[in-house]
Amino acid sequence: MGPDYKPPKVDVPSSWKWGEEKKTAGQTKESSASKTAGQSKNPIDPQSVDSLKKAIEEAKKNPGKWKLAAPKDFVKKGEWWKIFNDPVLNQLEAEAEAANQQIKMAMANVIEARAGVGAALSAFFPHTNFTPSYQRWKLKTHLPWLPFILPEPIFSTVPINGLPAGSIIGTTHYYGFQPTLNMWQVYLNSNWELDIWGKLRRQLEAAKAEAQASQAELEGARLTIHADVAQAYYLLRYLDSQLEVMERMIRVYEDNLKRVEIRYKSGLSNELDLARAKTDLSRIKSQYIALESHRAKVENSIARLLGQPASTFHFPRKPLKEEPPAIPTSLPSEILEQRPDIAQAEREMAATNAMIGVAYAAYFPSVNLNAYFGFFNTDFGQLFTWPSNSWIYGPLIDLPIFEGGRLLANLMQARAAYEKAVASYRETVLTAFEEVENALIGVRLLEEEQKVEDELVESARKQYDLAMDRFQRGLSHYIEVDTTESLWLNAILTDIALRGERFIVRIALIRAFGGGWNESSMRPPQIQNSESNPYPKRQTK
């Protein structure tokens, strides 16, 4: 019952917009000019309008060109953080893998989902219960509206006249019911539902897909945690670099204040210069304290990611000096198929599709084979004798006649859940492309921005030196020193932040790609049968 699962297609571009080399200015102008010239020749082309109408009609019939889903989250991502060649980062990532609580929760979800597969598989087998019971009844002695004679057999305890022990030798009749009655029962009850319409098979299919989705969720949690650890680590290090710079600058501002005080006492500077120098020193000290507060919060976040209390975790200062490693940007778009969130969304589609079949099967009769065997007697001493046995067997057919619209509502609900899963899957894929392009923008433009910022730092330093020299020779007021000094400090802090952001954006690109991208992970796995591959290729029309 229900449709077989066919993954939807996703529109996949041939290359990354920001992974290509930028065009030269001449090429850009020429292409723009050619477009403008072409538009000016025929601003309103009737054929173009007809083509546009046809395209709109085709888009309504087939909204979006989508590539067949083939998730590859079973590909091992590897320890991608080792490309940064930082032993401290490697140690932090190992601690996070072992002690992070979000990873542990995701692992528990995997175990829970796999147990759900076992529960769904158990429905294919007969269910047998052992049910002993004892009841003592107290009933009304005479019932005038129900007169009958209740016979009770009399069993022999020893052989009589060639009859074996336990044979019936007579009966006792009771008029009405006995005042009290003991009822002893010991029996086995077995029930087996026949999967004629495939309901149980669809339930098992859904359970397997949910288990695979939980495994993808675990891989996604690992990728997220490792990326968060790496990003927080480099954020902490570039904050340490900024703190180091600000400590040096505080000493510079203190020296400047001493110079201004000396000149003020000598009558070479006015009170305004002295006030500016004091204000500059107080401002940079305030910025230093705010930066320390930010660092402490980042340090606490690392402690949480490592599964440690923030109160006992302390990370020593380690300013960021090295350059970030190179990251390949000319990768095929199929690399996104190894993203865990895409694989999870695809498996959730498969699970919701299977539940449509379960909803369809509810329209048809269910057939159960029931069997009962046990012993029943009012005398416990005679309970396990053969004359006390009883048994029942036979099929039980349950055919829905009137459900008040419940079955139709369930079917509509299952179909809507599948459509929602399809939209969620496509939205996940589109989000993945957005994240990759945003990270590629950062990888390329941040590097160019830092080159400009390096030049700005050098120019600001020279400007500050000239302003200080003019001030010491009495050719200018302290306002020139104040302005150039602030410009120099901000340029240095921005330059350090750009270096840290270059590390962080590379980690974001790795996360957007789904983890590793080495040759072994890009090569299709050699799989002998479909059972070892959680995501086999599926045929579509």
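**Figure 1. Arginine 470 is partly exposed, with 32% relative accessible area.** Partly exposed lies between buried (under 20% relative accessible area) and exposed (over 50%), using a 1.4 Å probe and protein chains only. Glutamate 480 is also partly exposed, at 30% relative accessibility. The two side chains meet in a salt bridge, 3.2 Å from N to O. A salt bridge here is a side-chain nitrogen of Lys or Arg within 4 Å of a carboxyl oxygen of Asp or Glu. This pair links distant parts of the chain, 10 residues apart: arginine 470 sits in helix 8 (residues 406-472), glutamate 480 in helix 9 (residues 478-513). Helices are DSSP runs (H or I, at least four residues), numbered from the N terminus.

This is a predicted model: local features need pLDDT of at least 70, side-chain atom pairs count only at pLDDT 80 or more, and totals for chains, interfaces and linings use all residues. Residues are numbered from 1 along each chain as its sequence is written, and side-chain values use heavy atoms, leaving out hydrogens and water.

**Figure 2. Arginine 237 pairs with glutamate 322 in a salt bridge.** The closest N and O atoms are 2.7 Å apart. Arginine 237 lies in helix 5 and glutamate 322 in the loop between helix 6 (271-305) and helix 7 (340-361), so the pair ties together parts 85 residues apart in sequence. Arginine 237 is buried, at 2% relative accessibility. Glutamate 322 is partly exposed, at 31%.

Figure 3. Arginine 202 is buried, at 10%; glutamate 205 is partly exposed, at 27%.

Technical notes: Helix = DSSP H or I, 4+ residues; strand = E, 2+ residues; numbered from the N terminus.
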